[in-house]
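Open the model in your viewer and keep the selection tool at hand. Each stop below gives you something to select and then says what is there.

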Amino acid sequence: MALEAAGGPPEETLSLWKREQARLKAHVVDRDTEAWQRDPAFSGLQRVGGVDVSFVKGDSVRACASLVVLSFPELEVVYEESRMVSLTAPYVSGFLAFREVPFLLELVQQLREKEPGLMPQVLLVDGNGVLHHRGFGVACHLGVLTDLPCVGVAKKLLQVDGLENNALHKEKIRLLQTRGDSFPLLGDSGTVLGMALRSHDRSTRPLYISVGHRMSLEAAVRLTCCCCRFRIPEPVRQVHLLLCSRRSWESTDGVSVGLLSPWLRAGPSWWPHGHRRCGAPGCQVQALLPGQAGPLQGKADICSREHIRKSLGLPGPPTPRSPKAQRPVACPKGDSGESSALC
């Protein structure tokens, strides 16, 4: 999520950031605040969001901030938005939020104003929450400022409060045998900072889940597991796909997402018949680039991003071949125990 930049801010700026983190940290709520969070099947949860900021390769200033909203439990994209941004704050370990959160906050506020019916009920953030040097990572920061439930989902262990990716930690990972198995991340302070979760049967690499805001750790782990078709939860995976697409479309020939029709940028809710692949005979879409004319016609796959890329001659991110994974329709009702309570 971050790209290290040369140099750093003056000491006064760091002191100001520390004070601001401490002030906002007082507002973090680490318990369930919504009825759907306490339901074993998350009944009442209809929309989950994912956010991330990704950098242009070799550039520490230009980046792309993205927000994706998915239906739940179907995990289908209903809204997506991204924008190219210029980062002014330098990267400093432990202060990532001051570099990235302002742009993510703008995307959430834009959605709240323009399409309030598509607002996510929870955000999965590519980063950490309370699993942080000062207990206030990017998921906490964004959660407090948006007042939305937030979950930190990290792919690597942040080694703080005595947590180490040592032989003991690797042995615990080895003992995670099936999807949903987990173990607590207990710091030297005696505080459980998060959970290491095996999110998919075909991946032995765990995710590191931590509380962001307005959600308990237990519910955060269950929800993350329920959102996983693959190792990475679908809201975060889809936001990564959007970022890759945006970077591809922002290519040297000047073709950008902004030149495409609104339905391509906004997602399935804008596409014909509201589906990624409508399959309707005679389905037509208009997507014109400079120098092109006429409608693109097709049937079964006219609404897929890949078909659109090929039809328009646009570059696209490589699609890795992976075995199909069956997604959960809903979380099964668990009983006692760490693993069995998970999807």
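Predicted model: local features only at pLDDT ≥ 70, side-chain atom pairs only at ≥ 80, totals over all residues.

**Stop 1: the loop between β2 and β3**

Select Phe72 and Pro73. The peptide bond joining them is cis, with omega near 10°. Pro73 sits in the loop between β2 (62-71) and β3 (77-86). For context, most peptide bonds are trans, and most residues other than glycine have a negative phi.

Now move to Leu75. Leu75 belongs to the loop between β2 and β3. Is Leu75 buried or exposed? Its relative accessible area is 2%, so Leu75 is buried, the cut-off being under 20%.

**Stop 2: Phe42**

Select Phe42. Here too phi is positive, at about 55°, and the residue is not a glycine. Phe42 lies in the loop between α2 (35-38) and β1 (47-55). With a relative accessibility of 1%, Phe42 counts as buried.

**Stop 3: the aromatic pairs**

How many aromatic pairs does a search of the whole structure find? It finds five.

Pick Trp17 and Phe98. Their ring centres are 4.9 Å apart and their planes meet at 5°, so this pair is stacked. Trp17 comes from helix α1 (residues 11-25), while Phe98 comes from helix α3 (residues 96-114). The pair therefore ties together parts 81 residues apart in sequence. Both Trp17 and Phe98 are buried.

Next, pick Phe42 together with Phe72. The centres of these two rings lie 6.3 Å apart, with the planes at 80°, so the pair is edge-to-face. Phe42 is in the loop between α2 and β1, and Phe72 is in the loop between β2 and β3. This contact therefore ties together parts that are 30 residues apart in sequence. Check the burial of Phe72 as well: at 6% relative accessibility, Phe72 counts as buried.

**Stop 4: the ring cluster and its arginine**

Ring pairs link Trp17, Phe95 and Phe98 into a cluster.

Where does Arg134 lie relative to Phe95? Arg134 is over the face of Phe95, 4.2 Å from the ring centre.

How values were computed:
Residues numbered from 1 in each chain as written. Heavy atoms only, no water. Helix = DSSP H or I, 4+ residues; strand = E, 2+ residues; numbered from the N terminus. Buried < 20%, exposed > 50% of the residue type's maximum accessible area, 1.4 Å probe, protein only. Phe/Tyr/Trp six-rings, centres within 6.5 Å; stacked < 30°, edge-to-face > 60°. Lys NZ or Arg CZ within 6 Å of the ring centre and 35° of its normal.
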